Amino acid sequence: MKKNNLDEMQEQELLKIEHNGCWLAFWGLLAVMAVQMVMRVPGRQMLGEWIVFMVLCLYIAIACLWKGIWDRRLNANWKTNLVGSLIAAVATGILVTLSNPYLSEPLDYVLVAGLTGGFTFALCFAALSISMKLYKKRREKLDQE
């Protein structure tokens, strides 16, 4: 194991820098992919960004669940899952509708946004609910140790 040349204050500052860099990369990748979708860039050209984004998402989710951490400000409850799922559904519905070149009628826009948003809501709510159960189970185990 290599020697750490940082004192405690420097270590804390480095952790803050790494934290901010991680979230900058996360939200930056998400924004870049959203812009590329609206500009109708072919999916193949976004594959690299998507892979990095998904690896980052999975790492953060699995690491937080393993350590028994949900969020700094939000509680692990059904209300949080519902609101988060609604936000994801609306954002996805709008993004997919704006990036779809085949829509021409107003009803088409509503149907695509509704179906995409509804599907996203269901998947997101299910994923958050499963994650919440895993988090609570892991938190109980860690609290007992």
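**Close-up 1. Thr 80, a buried residue of a predicted model.** With a relative accessible area of 18%, Thr 80 counts as buried, because the cut-off for that label is under 20%. The structure shown here, and in every view below, is a predicted model. Thr 80 sits in helix H3. Set aside the neighbours within four places in sequence, and its contacts are Trp 70, Leu 74 and Asn 75.

**Close-up 2. Asn 81 and the residues around it.** Buried or exposed: what is Asn 81? It's buried, at a relative accessible area of 0%. Asn 81 belongs to helix H3, which runs over residues 78-99. Not counting residues up to four places away in sequence, Asn 81 touches Trp 70, Phe 125, Leu 128, Ser 129 and Met 132. Trp 70 also turns up among the contacts of Thr 80.

**Close-up 3. Gly 84, also on H3.** Gly 84 has its place in helix H3. Here the relative accessibility is 27%, so Gly 84 goes down as partly exposed. For a sense of scale, take Arg 72: Gly 84 and Arg 72 are twelve residues apart in sequence, and their C-alpha atoms are 15 Å apart in space. Gly 84 is also one of the H3 residues that meet H4, which brings us to the next view.

**Close-up 4. How H3 packs on H4.** Two packed helices can be described by the angle between their axes plus the distance between those axes. For H3 and helix H4 (residues 106-144), that comes to an angle of about 145° with the axes 7 Å apart. The crossing of H3 past H4 is right-handed. On the H3 side, the residues in the contact include Trp 78, Asn 81, Leu 82, Gly 84, Ser 85 and Ala 88. Their partners on H4 include Tyr 109, Val 112, Thr 116, Phe 125, Leu 128 and Met 132. Sorted by class, the contact of H3 with H4 has 14 nonpolar, ten polar and no charged residues.

**Close-up 5. Where H2 meets H4.** The axes of H2 and H4 come within 7 Å and cross at roughly 35°. From H2, the contact takes in Leu 65, Trp 66 and Lys 67. From H4 come Ser 131, Leu 134, Tyr 135, Arg 138, Arg 139 and Leu 142. By class, the contact of H2 with H4 splits into five nonpolar, one polar and three charged residues.

**Close-up 6. Inside the largest pocket.** Rolling a probe the size of a water molecule over the atoms shows where empty space is left. The largest pocket holds about 2,400 Å³ of space. Which residues lie nearest its centre? Those are Trp 23, Phe 26, Trp 27, Cys 57 and Leu 128, out of 45 lining residues. The elements that give two or more residues to this lining are helix H1 (8-38), helix H2 (47-67), H3 and H4. H2 gives the most, with twelve residues. The lining's make-up by class is 32 nonpolar, eight polar and five charged residues.

**Close-up 7. Arg 40, in the loop between H1 and H2.** Arg 40 lies in the loop linking those two helices. It is partly exposed, with a relative accessible area of 44%. Leaving out residues up to four places away in sequence, Arg 40 touches Leu 98, Ser 99, Asn 100 and Pro 101. Met 54 is 14 residues from Arg 40 in sequence, and the two are 20 Å apart in space, C-alpha to C-alpha.

Note on methods
Residues numbered from 1 in each chain as written. Predicted model: local features only at pLDDT ≥ 70, side-chain atom pairs only at ≥ 80, totals over all residues. Heavy atoms only, no water. Helix = DSSP H or I, 4+ residues; strand = E, 2+ residues; numbered from the N terminus. Buried < 20%, exposed > 50% of the residue type's maximum accessible area, 1.4 Å probe, protein only. Contact = heavy atoms within 4.5 Å. Axes fitted to C-alpha atoms, helices over the stretch in contact; angles between N-to-C directions. Left-handed = near helix turned anticlockwise from the far one by under 90°. Nonpolar A, V, L, I, M, F, W, Y, C, P; charged D, E, K, R; others polar. 1 Å grid on protein atoms, 1.4 Å probe; cavity = no way out; pocket = protein on both sides within 12 Å on 5 of 7 lines; lining within 4 Å. Points joined across faces, edges and corners; volume = space filled by probe spheres on them.
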